[in-house]
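Here is a quick tour of one structure, taken a piece at a time. Keep the sequence and the 3D view open as you read.

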Amino acid sequence: MTGPHPMQTDFQTVDQARQNILEQLVPITGTRTVAIREALDQVLAADVLSPINVPAHDNSAMDGYAFHSSTIQCASITSLKLVGTALAGKLFDGHCAPGECVRIMTGAVMPAGCDTVLIQENATVNGDVISFPPGAVSPGDNRRLAGEDLTIGKTALPAGKLLRPADLGLLASLGMAEIVVRRKLRVAFFSTGDELRSLGQALDEGCVYDSNRYTLYGMLTRLRFIEILDMGVVHDSPEALEQAMLQAMEQADVILTSGGVSVGEADFTKDVMEKLGSVNFWKIAMRPGRPMAFGQVHNAANGNSAFLFGLPGNPVAVMVTFYAFVRDALFKMASANSLPVPMVSARLAQDLRKRPGRTEYQRARLSTSNGGMPTAHLTGSQGSGILRSMSESDCLLVLEHAQGDLKAGDTVMALPFEGLV
């Protein structure tokens, strides 16, 4: 972590802010060993090298008949004598001579003397003789070679990979019952504000229920390589905020807060963050989500520290800034290879006003017809405090920094919520 930066006075673009954050992060290095059934969505700690050839032997890719390709007749019918059967897990223990063939099932080891498999649909069977016309098969067809998928010593899975269902199957195919993954990244989060009430509390006049912690909980829970700590609502006082941060540092690598980062809000928020470390308060050229704090806080008494993301207090701005900045940062801190954000192209269903000079995120739903490009329909009011329009949407339209007003039918990029992990 570099030393504190001067207070930001100019607006940063979304790309600049994202790059500034990623450059300062330090990934975790701790590991743990887990059974492969517990490794789903965890971060692989080291390259996995194949201890065996996969497949271990030449084998058949189809049900059919195995023989040596030298017996194929190019201008006439080829006839072969059937001399045995090879099943998956049960070898044909003889030798298949030229002019002979072996009945073989998918996955069975290729018999000695065979290099080609004729699929059964192309064979004519008459007693112990099978025949096929010219062009029915070519030399080497339907044979999988030993080591064709993986050879001994080859990298099967790279360090940093977020393990998916297919990866668990691959590990099992290599005979691995356990695997070393990164320890879970620990993330603490809390909301700030005297006006906030937790669920179950009476809603006093002028107060609102805290929704941001539940939104953050949902987004963080989808990242299964994370261990989360919900610290509730912290009141607007220097003592309460400092105590919450010190407590969070005892257990977490990352702290997420919502509220208290806007220009003109209580000065103690900035003062406490800067007292405990080096925190930047940025104005970002985006809508919603303009104010954000980022940096690192420390406990000088015991050496604990954590990276801090101070997110806006508006509910929609919390989601937008999480997906714009925090998601990729958490991947990097977890030592994970970040999955690309799944952007898709869509056509606008209506005109859109857009001011150049900032990135805007609009809530929308995608519809498709006749297999064409999806159409994006806005889901109502786009105010940063209106969570209903976010709940009714299935994507965010990402309107780029330099874009101006758009017309119905224009192409825009959409960020679908499904697939964000």
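## A pair of helices

Start with α3 and α6: α3 passes α6 in a right-handed crossing (right-handed if the near helix is turned clockwise from the far one by less than a right angle, left-handed if anticlockwise). On the α3 side, the contact (heavy atoms within 4.5 Å) is made by Asn212, Thr215, Leu216, Met219 and Leu220, and α6 brings in Pro315, Val318, Met319, Phe322, Tyr323 and Leu330. Sort those residues and you get nine nonpolar, two polar and no charged. Here Ala, Val, Leu, Ile, Met, Phe, Trp, Tyr, Cys and Pro count as nonpolar, Asp, Glu, Lys and Arg as charged, and the others, Gly among them, as polar.

Helix α3 covers residues 212–221 and α6 covers 315–333; their axes sit 11 Å apart at an angle of about 30°. That's why the two count as roughly parallel (angles under 35 degrees). Axes are lines fitted to C-alpha atoms, for helices over the stretch in contact, and angles run from 0 to 180 degrees between N-to-C directions. Helices (H or I, at least four residues) and strands (E, at least two) are DSSP runs, numbered from the N terminus.

## About the model

This is a predicted model, where local features need pLDDT of at least 70 and side-chain atom pairs count only at pLDDT 80 or more, while totals for chains, interfaces and linings use all residues. Residues are numbered from 1 along each chain as its sequence is written, and side-chain values use heavy atoms, with hydrogens and water left out.

## The sheet and its helices

Next up is an open sheet of six strands with mixed pairing, in the order β16-β13-β17-β21-β20-β18. Its edge strands, β16 (226–234) and β18 (277–283), each pair on one side only; two strands pair if DSSP finds at least two bridges between them. From one strand to the next, the twist averages 15°.

Strand β13 (residues 185–192) pairs with β16 in the parallel sense over seven bridges, and Ser191 stands opposite Val233 in β16. Helix α6 turns up again here: it packs on the sheet, touching β13, β16, β17 (254–258), β20 and β21, and its direction makes about 160° with that of β21. Helix α1 (residues 14–24) lies across β18, β20 (291–298) and β21 (305–311), running at about 165° to β18.

## Two loop residues

Ser69 is in the loop between β4 (64–67) and β5 (78–86). With 15% relative accessibility, Ser69 counts as buried (under 20% relative accessible area, with exposed over 50% and partly exposed in between, using a 1.4 Å probe and protein chains only). Not counting residues up to four places away in sequence, Ser69 touches Asp115, Thr116 and Pro139.

Ala146 lies in the loop between β10 (143–144) and β11 (155–157) and is partly exposed at 38% relative accessible area. Ala146 and Asn53 are 93 residues apart in sequence, yet 6.4 Å apart in space, C-alpha to C-alpha.

Methods
Parallel < 35°, antiparallel > 145°, perpendicular 65-115°, else oblique.
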